[in-house]
Amino acid sequence: MSGWAMRRFWSEAQTEAVEGGFRVLLDGRPIKTPAKAALVVPTEAYAAAIAAEWQAQGDEVDPTSMPITRSANAAIDKLRVQRAEVADMLAAYGDSDLLCYRADAPVELVARQAETWDPYLDWAEARYGARLAPRTGIMHAPQAATALEALRAEVHRIDDFGLAAFHDLVSLTGSLVLGFAAAEGQEAEAIWAASRLDETWQEEQWGVDEEAAELAARKKAQFQDALRVWQLSRVQSGAAGDGGAA
């Protein structure tokens, strides 16, 4: 939707049940994706959220205010043809997961990383049978192949609409484990804070950089949008709250 400009031509956005899910109508005309595919999403709540984005537009459409529509477009136009490649790309985060790269000093930071990040690694081992091991420093050290394969299999279980949202949960946190934790309903504020631990430490030592803080705020909003899309794609599907990321 980047670079797309459109003036509002409709009065009312509504939803409608169709074969395969739900779609959004603008004065009775169905929305299509930028690639001209039918925009049909898996749940009524998802369609209603898209309709709300369109209904909220002013005289000129602002694509940046429509993250749910944008995610649906990505799922339909991109993931349906590149799903395996995207899943493999996300699974690869496990081999360089943020939670595994630890400082060797100062001791206060070392302790904070262990206290904050170790419980997520413990959870991933208990939940998926995938133990990722912490490393000191920034040099890459491969994780166990069995752990990576277990996580990869979980990523590949996620459907197209979920994967579009999951992409942002992982890429914005820099952590496959935190992405899974968010998808499985763990506390979002704590997850985001965990992903920002090193930046928060630097701010405590040297003060807040306003430009960096503004960028962090935008990323947090994007993370919250992605989590909402993930949840919307699960409503009525039986996937939310069942203990699984798929």
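Student: Is F166 buried or exposed?
Tutor: F166 is buried, at a relative accessible area of 0%. Buried means under 20%, exposed over 50% and partly exposed in between, using a 1.4 Å probe and protein chains only. This is a predicted model, where local features need pLDDT of at least 70 and side-chain atom pairs count only at pLDDT 80 or more, while totals for chains, interfaces and linings use all residues. Residues are numbered from 1 along each chain as its sequence is written, and side-chain values use heavy atoms, with hydrogens and water left out.

Student: How many aromatic pairs turn up in the whole structure?
Tutor: The search finds eight. One of them is F166 with W230, a tilted pair at 6.2 Å centre to centre with 45° between the planes. Rings of Phe, Tyr and Trp (its six-membered ring) pair if their centres lie within 6.5 Å; planes under 30 degrees apart are stacked, over 60 edge-to-face, and the rest tilted.

Student: Which helices hold F166 and W230?
Tutor: F166 is in α5 (residues 160-173) and W230 in α9 (residues 210-234), so their pairing ties together parts 64 residues apart in sequence. Helices here are DSSP runs of H or I with at least four residues, strands are E runs of at least two, and both are numbered from the N terminus.

Student: And what about W230, buried or exposed?
Tutor: W230 is buried, with a relative accessible area of 3%. The charged end of R234 sits over the W230 ring, 4.2 Å from its centre; the test is NZ of Lys or CZ of Arg within 6 Å of the ring centre and within 35 degrees of the ring normal.

Student: Which residues make up the aromatic cluster?
Tutor: W123, Y128, F166, F180 and W230 form one cluster.

Student: Switching to helix packing: at what angle do α2 and α4 pack?
Tutor: About 140°, with the axes of α2 (residues 67-91) and α4 (residues 145-157) 9 Å apart. Axes are lines fitted to C-alpha atoms, for helices over the stretch in contact, and angles run from 0 to 180 degrees between N-to-C directions. That makes α2 and α4 oblique to each other, given that under 35 degrees is roughly parallel, over 145 roughly antiparallel, 65 to 115 roughly perpendicular and the rest oblique.

Student: Which α2 residues meet α9?
Tutor: P67, I68 and S71 in α2 meet D225, R228, V229 and L232 in α9, where contact means heavy atoms within 4.5 Å. The axes of α2 and α9 come within 10 Å and cross at roughly 65°.
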